[in-house]
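Please look over the sequence and the structure below before reading on. The report is meant for a reader who is new to them.

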Amino acid sequence: MSDDHESTLGRIETEVALLMRLGEATRRATGSAEHRVLDRAAYVILRHLDDAGPQNVSALAARLNLDGSTVTRQVSALQRDGLITRTPDPSDGRGTVISPTTAGLQRMAAVRHARTRLYGEMLADWPAEDRETLALMLRRLNEALESRNRPR
């Protein structure tokens with residue numbers, strides 16, 4: 001690989017590492033309680049269930065690229081908090097299907113709106129075209145990460 005290519009990849013690695021670190025620090029430091037009504041895992045699960053509909057734990061684990069036991073623990077915590085319900089899986093009587101409750105969707109929406117507002121403030125002086133380009137590039141990066149991490 002050329003030095004320019006290596007340099008670019010190094011800069012990407014650094015920026016992604018900083019993005020993850022600063023994103024988490026921003027979430028913790030934000031004064032708004034809306035940001036903290038759900039932990040990261042709960043937010044991701046509820047966002048996925050809202051987008052994709054009810055799922056069994058295996059499908060949820062596969063989609064989130066997590067071990068089934070990890071998702072089971074997270075789902076149990078969500079159920080304890082009244083944020084999801086479990087119903088018998090009609091396609092497999094031994095399993096259950098996970099669905100968000102109204103309270104779960106309300107909390108997820110509160111976090112989503114708080115985050116959207118925060119990003120709106122941070123990117124307010126960016127041209128609309130730059131914000132759109134950032135959204136597209138982040139989507140492409142996430143798709144590449146998802147493809148790379150998908151079981152083969």
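## Basis

This is a predicted model, in which local features need pLDDT of at least 70 and side-chain atom pairs count only at pLDDT 80 or more, while totals for chains, interfaces and linings use all residues. Residues are numbered from 1 along each chain as its sequence is written, and side-chain values use heavy atoms, with hydrogens and water left out.

## Helices α2 and α5

Helix α2 (residues 40–52) packs against α5 at an angle of about 105°, and their axes are 10 Å apart. The two helices are therefore roughly perpendicular to each other, a term that covers angles of 65 to 115 degrees. Where they meet, Tyr43, Leu46, Arg47 and Asp50 of α2 face residues of α5 including Leu105, Met108 and Val111.

## Ser99 in strand β3

Ser99 lies in strand β3 (residues 92–100) and is buried, with a relative accessible area of 16%, where buried means under 20%. Leaving aside residues up to four places away in sequence, Ser99 touches Leu49, Pro54, Leu83, Ile84 and Thr85, contact being heavy atoms within 4.5 Å.

Trp126 sits in the loop between α5 (102–122) and α6, and at 34% relative accessibility Trp126 counts as partly exposed.

Methods. Helix = DSSP H or I, 4+ residues; strand = E, 2+ residues; numbered from the N terminus. Buried < 20%, exposed > 50% of the residue type's maximum accessible area, 1.4 Å probe, protein only. Axes fitted to C-alpha atoms, helices over the stretch in contact; angles between N-to-C directions. Parallel < 35°, antiparallel > 145°, perpendicular 65-115°, else oblique.
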